[in-house]
Amino acid sequence: MEITFFKPEYLWFLFVIPVLIIVHFASLKSTRRKALKFANFEAIERVTGGQILSKNLFLLFIRLVIVFLFVLALAGTTYWYSGPGSNFNFVLAIDASSSMLVNDLSPNRLEAAKLRAEEFLNSISENSKVGVVSFSGTSFVEIEPTSEFSQVKMAIRSIQAKNVGGTDIGEALITSTNLLMQDDKSGVIILLTDGQNNAGVAVNDALEYLKTKSIIVYPVGVGTEEGGGYVGNVSLKLDEESLKIIAQSTEGKYFRAKTDESLRDIYKQISAITETRIKRELGVSFFVISLILVLIEWVMINTKYRTIP
């Protein structure tokens with residue numbers, strides 16, 4: 001469960017609430033002074049229904065609720081929750097750094113990842129769209145999300161190990177997220193890497209961006225924890241802790257692929273997802289409720305809670 005705001009800058013208007021409380025009691029004090037000028041307190045009691053100087057706390061409460069709901073409506077409040085669903089849009093973010101040529105998977109990590117990614121396309125809904133991003137020291141959009149899976153497969157097959165040094169996981173996440181934002185469906189990134197973020201965008205910065213878009217990430221760590229040593233000053237060690245943090249922060253799940261068969265099973269598990277993130281935009285509802293309360297307040301100040309001059 002999560003609540004997000006499309007225009008969070010409007011939340012600053014909530015500072016009106018304490019101002020409204022101060023104005024209410026200041027007005028009450030002024031009304032009390034005016035009421036004391038009346039000589040006939042019995043007449044005042046009849047007009048006010050038996051209470052000469054009411055604090056009108058219930059009326060204040062309604063006004064505070066009106067302001068609160070109206071500000072939330074302006075801010076574009078959205079409620080996210082998990083519910084049943086089978087259709088997602090996916091981006092396959094595949095590490096194409098030189099370390100992916102290690103042959104602990106057959107024939108090597110990159111080719112095994114590409115082959116299993118193609119099999120994954122055969123197991124998901126035909127209504128889903130799939131995009132592909134390859135990355136090393138920078139990210140490359142191989143194909144934007146499309147339901148033409150034959151084109152997606154061709155894009156996957158065309159991925160080659162990049163000569164750009166380093167592994168920029170942060171940029172890969174942001175690039176993949178931007179592709180998923182082109183559609184209203186729930187977005188899932190399958191991040192497959194054998195290294196650690198050692199170039200470009202910091203992972204924490206990328207995660208802050210992903211949280212605002214409610215994108216789920218399933219990181220898949222390939223190879224051993226020790227990795228393939230070093231190339232120059234760049235470590236090829238698998239950073240499992242960072243991948244676990246990515247999964248936890250986006251309500252996804254971290255997977256570990258040490259063999260070709262385990263990689264196949266991981267893709268099967270992801271394709272069998274039965275829950276999706278559903279959003280409910282509450283802005284209009286809050287606005288309607290606030291208007292109804294305005295009407296109730298108007299009736300109240302003209303009946304029981306009317307102000308005595």
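Biologist: How many of the 309 residues of the protein chain count as buried?

Modeller: In this predicted model, 45% of the 309 residues count as buried. The chain's secondary structure comes to 10 helices and 11 strands.

Biologist: What share of contacts between residues at least 6 apart in sequence joins residues at least 24 apart?

Modeller: Among those contacts in the protein chain, 80% join residues at least 24 apart.

Biologist: Why are α4 and α5 called roughly antiparallel?

Modeller: Helix α4, residues 109-121, and helix α5, residues 149-157, pack at an angle of about 175°. Angles over 145 degrees count as roughly antiparallel, and α4 and α5 are therefore roughly antiparallel to each other. Their axes are 9 Å apart.

Biologist: Which residues of α4 and α5 meet?

Modeller: On the α4 side they are Lys114, Ala117, Glu118 and Leu121, and on the α5 side Phe149, Val152, Lys153, Ile156 and Arg157. By class, this contact of α4 with α5 has five nonpolar, no polar and four charged residues.

Biologist: Where is Lys153, and which residues does Lys153 touch beyond four places away in sequence?

Modeller: Lys153 lies in helix α5. Not counting residues up to four places away in sequence, Lys153 touches Glu118, Leu121 and Asn122.

Terms used
Residues are numbered from 1 along each chain as its sequence is written. This is a predicted model: local features need pLDDT of at least 70, side-chain atom pairs count only at pLDDT 80 or more; totals for chains, interfaces and linings use all residues. Side-chain values use heavy atoms; hydrogens and water are left out. Axes are lines fitted to C-alpha atoms, for helices over the stretch in contact, and angles run from 0 to 180 degrees between N-to-C directions. Helices (H or I, at least four residues) and strands (E, at least two) are DSSP runs, numbered from the N terminus. Angles under 35 degrees count as roughly parallel, over 145 as roughly antiparallel, 65 to 115 as roughly perpendicular and the rest as oblique. Contact means heavy atoms within 4.5 Å. Ala, Val, Leu, Ile, Met, Phe, Trp, Tyr, Cys and Pro count as nonpolar, Asp, Glu, Lys and Arg as charged, and the others, Gly among them, as polar. Buried means under 20% relative accessible area, exposed over 50%, partly exposed in between (1.4 Å probe, protein chains only).
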